[in-house]
Each structure stands twice: as structure tokens, then as C-alpha cells.
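Work through the exercises below with the coordinates open. Each task is followed by a stepwise solution.

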Amino acid sequence: MKGLLIHGVSHAYGDNKVLDKVAVVVPAGELVCLLGPSGCGKSTLLRLAAGLEVLQEGSIVIDDVTVASNTVHVEPENRHIGFMFQDYALFPHLNVLDNVIFGMVGSAADKARSRAMEMLDQVGMVDQASKHPHTLSGGQQQRVALARALAPEPKLLLLDEPFSGLDTNMRARIREETLGVLKEFGVATLMVTHDPEEAMFMADRIKILGSDGHILQAARPHEIYYHPKHEFVAKMFGLMNRFDSVVVNSQVETPLGSVAAPDMADGIKVQVLIRPEGIVLESHENASGTAVELLSTHLLGHDNIVRVRLASGSSSELYVRVHHAFEPELALGIKATIDSDYAFVFPLDVEEGGSSSLVKAAQ
Amino acid sequence: MTASPTLAGSTERRLKIDGWTLGTAAISMAVMLPIVAVVIIAFTPGDDIWGHLTSTVLPLYIATTVQLMVGVGVGTFLIGVGGAWLVTIYRFPGKRFFEWALLLPMAMPAYVIAYVYTDVLEYAGPVQGALRHLFGWTSIQQYWFPEIRSLGGAISMMTLVLYPYVYLLSRAAFLEQSVGVLEASRVLGRSQWQSFYSVALPLARPAIVIGLSLVLMETLNDFGTVDFFAVYTFTLGIFDVWMNMSNIAGAAQLASLMLLFVIALVLAERFARRKKRFHQTTTTYKELPGYELGGFKGLLAVVVCALPVVLGFVLPSIVLSTYAVLHFDKEVVSQMLETAGNSLLLSGTAAMIAVIVAIFMAYGVRIKGSPVLKVMTRIAALGYAVPGSVLAVGVIAVLASLDNSIDGFMRENFGVSTGLLFSGTVVAVIFGYLVRFLALSFGTVEASLTKITPNMDGAARTLGHGPFETLRRVHMPLMKTSILTAAMLVFVDGMKELPLTIILRPFNFQTLATYVHQFASDEQLGEASLAALAIVGTGIIPVILLSLMIRKSRPGHEIT
Amino acid sequence: MVELTSSFELEFDALDQDHQKMVDQVNAIIKKIDAGNTDDCKALVADFVALSKRHFAREEALLVSVHYPDVEKHRKHHLDLNDKFDHMLEFAKMAPENDMACESLKKELVYFIMDDVITADLEFKDFLSQT
Ligand SMILES: Nc1ncnc2c1ncn2[C@@H]1O[C@H](COP(=O)(O)OP(=O)(O)O)[C@@H](O)[C@H]1O
Ligand SMILES: [Fe+2]
Ligand SMILES: [Fe+2]
Ligand SMILES: [Mg+2]
């Protein structure tokens, strides 16, 4: 198969085990994103794929050639991959053009030059070709780094947090441009990031790497968001509302109504996690649902975050995302219901639930 | 198992012969050899003179060495820390000038000012002459005058030229301290003096300890001064036992005993460095307060700062220049040029090799990251702490056995005797310099290498360049300035070097340092003053560079 | 098109043959879609799901019989893939009308067979070779 195959990769720095039997497949032309919290070993995995770190366990195959296993280590310069570093790592003593030419080992000088100019054209940096990296803005450096990585026509592109160095207002644009360039090149790309939004935007497929170093879930962005298989995955996208409850007849009762738990046995202690957009507020006369009282609202622009409390007096606060124009001053008699697309049921952990006999989840 | 196809250029991981690891290990070992040799010789039974040594001269050597170290330690501490505190915290006339001028005595080898002051202060010299003339004395019995050729004299000479190490490091430490800490201390009701004593000094202690340990290493290393003043330290003892008693084993035994002193210093220095990392937490800079010192206090500050500069640099330079002018003739100049040529050859070659070796070692450790390799390079870089006389013993031993084995091999296989190939040649001197000064080039190169992010390596490697190409095309250009600095440091120290050179040089081969030493020992400083000036002139280069670096490292400037 | 190259082989014939059959089925579906022939997509995907489930059962039984220590974990992994079957079937149903459903179905099938099924199985490749 063309593309990248990583499997069974475990890695430790001394006693610090960072990767645990990680497997990733990136077919040719696809963009797979490895998403996980800081320090979970994402950069380590990329460095292993590039050969910058010596593999300890598992194997790495690029375009059907084993480049790393317990008997083989192909040096990075022989792997023909592109690597874009988090800090871009542009060579400060070379100008933009020479940075891009640097990787075109073995091609004639004039060929390399015209190819480099082509690449710079693709990323819109031809005008800056003779400048030195430190005179460029973050976004421009990012583009040069991308051009430099792609210029030698690598078999595989590795991106380490490619947008983390950019300020927010620039990030969205550069992200879009980068995706455009990558799709045009059709190079197999493995990108790592800790930013779920970035991953969802860019990726054909997302793999979630947990902080204990193993893969928790692998799926399309949509599936990751709407069908998280793991509490950790559900919580990656921000604030969650939580009710603890027990499964009865494959249903879980919460103060805001019941949620289906089709694969769970009766009597299991569970937590119900509901995204802020999964609580629906209505304030017209024949609204149904549980009465809540409003605590405060925070307008974010594209939506509101509304803090409410159950009218029944329970002290727990709920966070609700409201997408339409919402003026709390005009709201009266607010009722809340759950949109089950955004509500997820997970068994409680042993420590948290207290009782261990009820834990083993779906079976 | 059906093996997947592998690429050309891939290596079987298990049987990898790794040039970088081997090379780095080999070089480290070569540099470690002389030190190891000293210890081995010392513990080789046989010609054992321990008993003899302990009952005779050893107690004297120990007592003298300890007294010298204590004296120089206290002296350099007072002048170095005091000067640094004055120019860092206070404002007074000439403060900007003294900031760098206080470094000048660094250019002056201790033995040079020892010759100068002896010449000036001895009975027949101008000072006592003038005093006798003034007061009408006619003989030494009529008045008291301090004897310069004494332990006290040696302490003074070394203090005058070595305090800049303490000054440099403690000043850097004071600059690093956030003003906030000092101001907080003042606000909390401490006086300036109390703030210095209870806040600034403890915070700067690690840096001061490093400075002091450098000073004491130099003190242990000194040969010229103690030889001239007949102050029986270990170094002089080693020369004595070796040259006058022709007892190499005895010299080695003394040398290995002396290593204990060195080890203590190195440990103290390492310990202080560890603490230093801990202390360097503040990154926010603010222009230091600059308390104004006016009137009498200001004048006092000027005098305090001027005294070491005048005594340690200005006065000796004037004296040397005067002598040089008085003794200026063709003969002196041609002699000076010839010896200077030798010095240039030795120091230049040593500097070049030391830099190449340092780059190789530092880069080898960087790309291989093996802890064993790291420790080996650390040990290899310890040569700087080992006194020249001790190293000389080791270098001779190593080269002699190398010569012998080559000779034996050649005789056995080809029937020719090669004799002494390396012993007593410039190769021996250059090897000695390399062992002793590698720390300078290695430290400089390594520091600059760590400033290059590993992602630079990663980028170059993934862009298709091997480790060597990466070094050549990325790291070397980025380290250009540091590489030059490293070469310069080794070069200048080589020009000043005396004990190693005296022992290891070929017969009748003079460098500037040995030339000055020889003539000054014969009370003919005048003839050698031009050569001495040449040494001082070379020594000024790093002082200028250092003061430029201090300028640049000010808040808002970046060292490149 | 998916190609089952040596790097993806478990070197355990029964399982490799199963995987090959599943790959063939995926390729058949992709070929149909690429030829614009999406009407029997639904049936083909249903077959594929059935094939996969049979394979999972066979594989789990085998793992139990050789006392593979992490068999429970792998069983759980198979179970977690149930959602994906549902999604594939939904996409297949929409395929005749919706081009995006066709594209997503192809992608889903490729990742499923290569990553979720075979690469996940590579974890016990070494164990099998020792028994
Ligand atoms: N060269 C190294 N030596 C020791 N520990 C390291 C090294 N590189 C990374 N680590 C540690 O491994 C863990 C994972 O690091 P990394 O792969 O950089 O994570 P991420 O990129 O996901 O933030 C971290 O705890 C980090 O401290
Ligand atoms: Fe399987
Ligand atoms: Fe399986
Ligand atoms: Mg990282």
C-alpha cells in the first residue's frame, strides 16, 4: 500500500512511557490527524516516523518499505519524507529560496531553483524569495516551511502542530490555504495537534491519542464529535454538563429527561455528559421540559453561553450554548430539554463510582 | 518471517559501526590518557619515594600551596566581588570605564608582573634606590622594605592578575539579579550594605564560587611566579623532583597528589553550577538602580577601582614599554620575532586542532546522545583543571610509551629503529596544549551548539542530508562566531602557557613565554621586555571581546 | 483500491484469507461506485458487514483457543466498530442519490479494513507467530 503504516509502536524516555502500542494508517493522498493533549507523545511519534528518534518497539512502513523495526533503521535522509516542525525550523543563515532549495538533493542547480520558485509561487511567497526568515511574519514562515517540506516531493508529509505558532485571526486563513495546497499535492499527510477544532477542519480521519499514550478512538471527524467512544474523547471539545445516574431498562434518567443507553446492562452506574449545545432552552408558552432559572449569559458572538440552574433548587449549574439571538431580559419561564445527539453515556470509573462490581460496561 | 524490502542506506541496527561514537570516544580517550597515565605511574610500585617525600619536602609543599591558595582566594574575592558590586550598583565618575578596565589585568600573565615588580622593587631597583636617595640610607640594615620574592609577593602577584575571573562572574550574577529583589530588601528596611550582604551576595554565591575555582586552578598551575620567587608549591616541587632529582615516578606521585586538590576544586565548581541553575529563575531585567556616589565616597570608589587596574596592568605595561624602548635594538627584535614565530606556530596549530576536535566531540554527543559519550567528553574537557606540570608528566609518559612501541614494532618487522618520534618535538607541546585547553574550545562550541534547536537537525536530516552534511551546511555557519571565539581563546592561552611548554618543548626551542622566563630568571628582563609586551598584547584580544560581549548581553541585546 | 501488501499480513493463513476476502469485497464496492453503479451498494455493504462480523467471531474464537492474553480488549475493539457498520449502511442507502455519501462510503470502507481491522490485528501478529 502506498502511504504510511505504523503499528505496535511503543516508546519510552527512560522510565517515562509515552507511546503504548500505537497504530496509524495513512493511505496515499489522505490526511490523518493525531489529536491529543500536550505531552502525550505526538511529536515523538512524528519523530519516530521521520527516523529522528530510534524506534524501540513496533514497526514503521512507508510505501511498502519497512523503514524502522527492531532490525531496521533507515536514516532520516533516506526516508524521503517532508517534516514541518512546530517552530518551522527555517535555516536562519539561508534566504527563503535557499531554504526551499536545501532539500532538493541530487537535482541540478537550475532545476532545483525553478522548482523551488514554483513551490514558493504555490504558497504565495515568490516575492519574498530573497528575504531571510527572521524578517518574515509567522504566517509567511509557515508557508515557507510548507514549501520547503513539499519541494523534494516527499512520499509522506509530517506536520507537527502546524498552526500553533500563528495568532488566531490568521490561523483560519492559513489553515484553509494549507489544506488547499495539500489536497492539490495529494501527498499522504500525518498531522498532529492538540487543537480539536484544527483536527476536525483538516482531517479525513482523526485518531485520538490519550495521555496514557494509546489510541482511544479513530474515526471521521463527525463520528468523533457525535459518537465519542470514551469519556476523554467527549471531553476534548470543551465544557460538558454532567449528571450521574443508573441505567434502567436501557434508559438513563436525568433531571432534564431520559437518555438512551442501548448497550448497557441495568443497574450500571453511569455519567451522562451533555455538550452545552445539547441542552435546548425554550421560553414560549407551551414549551415542554424541566424548568430552569437563568443565572447569567455570556455573548461570544457566534453564540451565547447561558448559565442556568434547575428551578427545583438543585445547586448544580448547567452551561448551555444558544445559537439564536437570545435576550435573557425577555425570557420568561425557561424550560430545558436534552438533544440526545449531544448526550453521551459512560460507565463511571471504579474509583468514582465506588462500587466495582457494576463497572464492566457494554458486554 | 517474510522480510519487507529495505532501502539502500538503511542499516542493520544490531551490527551498526558508528563512526561518530567511535571517533568521539577515541578522541576523548586520547585526551584523557595523560591524566590516567599520571595516576598509573604514581601507583606503580617500585621506585617509591613516598616515604622520602613525606619526611622531607611534602609538608612544605602542602603548607605553601594551601597558604598560596587561601591568600589568592581571599584577595581575588575581595577585589573581584567588591569591584563588581561597585560598578554594577553605584554611579560614580569613570564607572563605565572601569566596567571593562577592571578586566585588563587578565591580559597579564602572573609571571610577567612578577618579573616586573621584582625588577622595580628589589634592592637595586628604582623604588628602593629612590627611597635610599631620599632618606640618605646607605644599607638594607637601616630600613625595612617588604621582600617581593616571598609567599606574600606571590599571593599579591597572582591576586592582581587573577581577580578578573571573580569580577567577571560575580558581575554577571549581579546583573542577573532582578532589581526587585534588592529593592524589596531595601523597602523591608535593610541598608544598602545589609542588602548586599544578606541578599545579593548569597544569590551570586554560585557564580563567585565558579570564579574562585577558576582562580585557584590557575594558582595551582602557576610555575613562572613560584619558580622565580622560590615559593615551594606542588608545581615547583614537581619540577624539582623531576628536573633536579630526575625522578619521574616521584614527580608523578606528587602530581597525582596534586590531582586531589584539583578534584576538590572541580567538585566545588560543579556543585556551584548545579545551584546556579536553580538560582537563575528571574528573566525580567530592569536597569539597575545606580545609587549615586558623590564627593568623598565617589572619589574612594574611583581609587578602589583604579588601584587593581593600575597595579595589575597599567604600571607593569609602562615599565615593560620603558624597558623595551631602552633595550630596543636589532638583536632583541629579531630574537623576539623568531620566538613569536614559534609561539604562533604552536598556539595556532593547537587552536585549530582544538576547535576541530571540539566540534567533532560536541556534535558527536549531540547526534548520538549517549550518556557514556557525554561523560567521556566531560572527562576529556577536565584537562583545564589539571596543572600544566602534572599534564606534562602524563604527556611525556604517554608519548614515550607510544614511541617505544612504534620503535619496537618497526625494529621487529622492518629492522629499522625509529627512536623518539614524538617525545621532545613540537607534536608533544601541541598535544599538551590540546589536552589542557580543549575545555575552552569544547565549552564554547558546546554552548553555541545547544543554542541551535534540535529541529534544525531534524529539518536538515529529513531534507535529505546526512549528519556530516548537516554539520557542514547548517551548524557550522550558525556557529561561526563561536568557533572563532573558541580558536581565539585557545590561541591566547597557548601564547601565555609556560610550565607545559618548558617541559615538553624540543631542545633549544623558545616560545615567547619560555624566552621571557629564561631572561627574567637571569635578571635580564630588559632583553625580554619586548617579548613580554607581545604576550600581553595578545592577551588583550579576549579582554576586548569579553567587554564587547558584556555590552551586548545587556538587557535588550542578544548575544549571538 | 486497496491492496493487501506483505506489511499487512499476519502470516496466519486463516486470518489472512479472511482479510483478503474482506479486501476483495471492499474493492468490489469501490469499483461499482467508481463505475457509477450504486444501486446494489446497499446489498454489497450489507454482505460486507455480515462477512466482517463472521470474521470477528472466527478471529475471537481463535484468539481464545490460543490463549491470547488481550483477547477481551480485542473483543471490545470489535464491538466498538458496530457504530461504523451502522454508518456504512446509512451511507450505502444514500449512495444512489448522494455523491458525497459515495465518497464517504469509500473512505470509510478503506479506513475500516486497513486501520480498524487489519492494523488492529497486527498487534497479535507476533503472538500468533510464537504459537
Ligand atoms: N528527548 C526527550 N527526552 C526525554 N523526554 C522527552 C523527550 N522528548 C519528549 N519527552 C517527554 O515525552 C513526553 C511526550 O513528549 P512529546 O512527544 O513532545 O509530546 P507532545 O508533542 O504530544 O506534546 C513528554 O512528557 C516529554 O516531556
Ligand atoms: Fe481480523
Ligand atoms: Fe480483529
Ligand atoms: Mg509536540
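**Exercise 1.** Characterise the area buried between domain 1 and domain 2 of chain A in this predicted model.

*Solution.* 
- Step 1: Take the area. About 690 Å² is buried between the two domains, and carbon and sulfur atoms give 50% of this. Buried area is the accessible area (1.4 Å probe) that two parts lose on being put together, summed over both.
- Step 2: Tyr225(A), Tyr226(A) and Glu231(A) supply 78% of what domain 1 buries against domain 2, more than any other three residues.
- Step 3: Count residues. Contact (heavy atoms within 4.5 Å) joins 7 residues of domain 1 to 9 residues of domain 2.

Two conventions apply. Residues are numbered from 1 along each chain as its sequence is written, and chains are lettered from A and ligands numbered from 1 in the order in which they are written. Local features need pLDDT of at least 70, side-chain atom pairs count only at pLDDT 80 or more, totals for chains, interfaces and linings use all residues, and side-chain values use heavy atoms, with hydrogens and water left out.

**Exercise 2.** Count the salt bridges and polar contacts across the interface of the two domains.

*Solution.* 
- Step 1: Apply the salt-bridge rule (a side-chain nitrogen of Lys or Arg within 4 Å of a carboxyl oxygen of Asp or Glu). The count is 0.
- Step 2: Search for polar contacts (N or O atoms within 3.5 Å; within protein, one must be able to donate a hydrogen and the other to accept it, and residues adjacent in sequence count only if both atoms are side-chain atoms). There are 3 residue pairs, both members at pLDDT 80 or more.

**Exercise 3.** Describe the interface of chain A and chain C.

*Solution.* 
- Step 1: Count residues. 22 residues of chain A are in contact with 19 of chain C.
- Step 2: Take the area. About 2,000 Å² is buried, with 53% from carbon and sulfur atoms.
- Step 3: Count pairs. The rule finds 8 salt bridges. One of them joins Lys229(A) to Asp83(C), with the closest N and O atoms 2.8 Å apart.
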